[in-house]
Amino acid sequence: MAKVYKKTSGNGALTLYLGKRDYVDHVQQVDPVEGVVKIDPSELGGKKVFVQLCCAFRYGREDLDVIGLSFRKDIWIKHIQLYPEAGHKPTLTPMHECLLKKAGEQGHAFTFDIETNLPCSVTLQPGPDDTGKACGVDFEVKTYIADVEDPEEKLDKKDTARLIIRKIQFAPDATGGPGPKADICKSFMMSDKPVHLEASLDKEIYYHGDPIKVHVKVNNETSKTVTKIKVTVDQTTDVVLYSADKYTKTVLSQEFGETINANSTFEGSLAITPLLVENKEKRGLALDGRLKDEDTNLASNTIIRPGMDKEVLGILVSYKIKVNLMVSSGGLLGGLTASDVQVELPLILMNPKPQDVGLPE
């Protein structure tokens, strides 16, 4: 059984109803936003009622606006006049019928079609002292009372009702396919033989929260000892709408005490699971769009279709796995750094397609 989401304006004249908050990008098309607004004409004072869907990009804290460090851009915006009626007559769906029952006789149905080239919802994790709206890309449905359809018109807060929704992508049904593979052959000073490292994954796409097996093969032909294997997962966030700000944060770092002696080999699988719960303090980490205090997860990879304008996407998210061999020199020379033998693998993290929860009751 699904839930009905509703929000009433401060003056009580408008109530916005939605049957869901998550709208899926199926690549070819996006789920339409089907909703209803209950309107009490006696409270309008001769004004009109509109409903709008806006995709906005927000970067920087709101309190920094005055010194130009905050940035907000409406990437895409659509308005519909609902009252007095101005020609918007959507084909009524079972979702509309269900919401109209809730709203009663004063209900007015609407439908927004979201364009496929828009970004998915992404939230940048706020720091402990951050206040105001989180940075990122979000979608908002807002109904409001106004004289005219003018985005610049200053609206009284009591004349509006708004709900944040999410545009999300799910992994395709087939997450199989060959996984990535990388290898390196590294020689050291004072040694004529190399260390050979190969790492691979079982498949191309993994679901958030699922263990990832990293298959590692090592052929150590040197006189040195590999004391342990370190695996890290890095998230790279590319904020393309804001002076190309790009940064990388480590979301998992795990050491495995596998000793590989001189002139020996190793073959094994190392299981890792990057999780948001281990990264709650990291400010600026990209998360899948958050609705109020509901749980979310690390942001899913941004899937770029051929011909898409990267700038419209606002924030691009990608991951990579690094496998490092920690090699000790032995003798009086001390240890060498962990980065001396390293390979990188691309990682795609996404959400599985959920089961259909049906219409709200």
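The legends below describe close-up views of one predicted protein chain. Residues are numbered from 1 along the chain as its sequence is written, and side-chain values use heavy atoms, with hydrogens and water left out. Because the model is predicted, local features need pLDDT of at least 70 and side-chain atom pairs count only at pLDDT 80 or more, while totals for chains, interfaces and linings use all residues.

View 1. Helices (H or I, at least four residues) and strands (E, at least two) are DSSP runs, numbered from the N terminus. Of the 361 residues, 48% count as buried, a term that stands for under 20% relative accessible area with a 1.4 Å probe, protein chains only. Among contacts (heavy atoms within 4.5 Å) between residues at least 6 apart in sequence, 68% join residues at least 24 apart.

**View 2. The largest nonpolar core, with 77 residues.** Such a core is a set of buried Ala, Val, Leu, Ile, Met, Phe, Trp, Tyr and Cys residues joined through side-chain atoms within 4.5 Å. F110 and I321 have the most contacts inside this core, and its largest share, seven residues, comes from strand β19 (residues 315–328). Domain 1 (5–169) and domain 2 (181–350) each supply at least three residues to this core, the domain bounds being taken from an automatic or database domain assignment. A second, separate core has eight residues, among them V4, V36, M95 and L99.

**View 3. An open sheet of four strands in the order β11-β12-β14-β17.** The pairing in this sheet is antiparallel, where two strands pair if DSSP finds at least two bridges between them. Strands β11 (181–187) and β17 (264–272) are the edge strands, each pairing on one side only. Between β12 (residues 194–201) and β14 (residues 212–220) there are seven bridges, and E198 has K217 in β14 as its bridge partner.

**View 4. An open sheet of five strands in the order β13-β20-β19-β15-β16.** Here the pairing is mixed, and β13 (205–207) and β16 (245–256) stand at the edges with a single partner strand each, so one side of each is left without a neighbour in the sheet. Strand β15 (residues 225–239) runs antiparallel to β19 and is joined to it by 14 bridges; K230 stands opposite N324 in β19.

Notes: Buried < 20%, exposed > 50% of the residue type's maximum accessible area, 1.4 Å probe, protein only.
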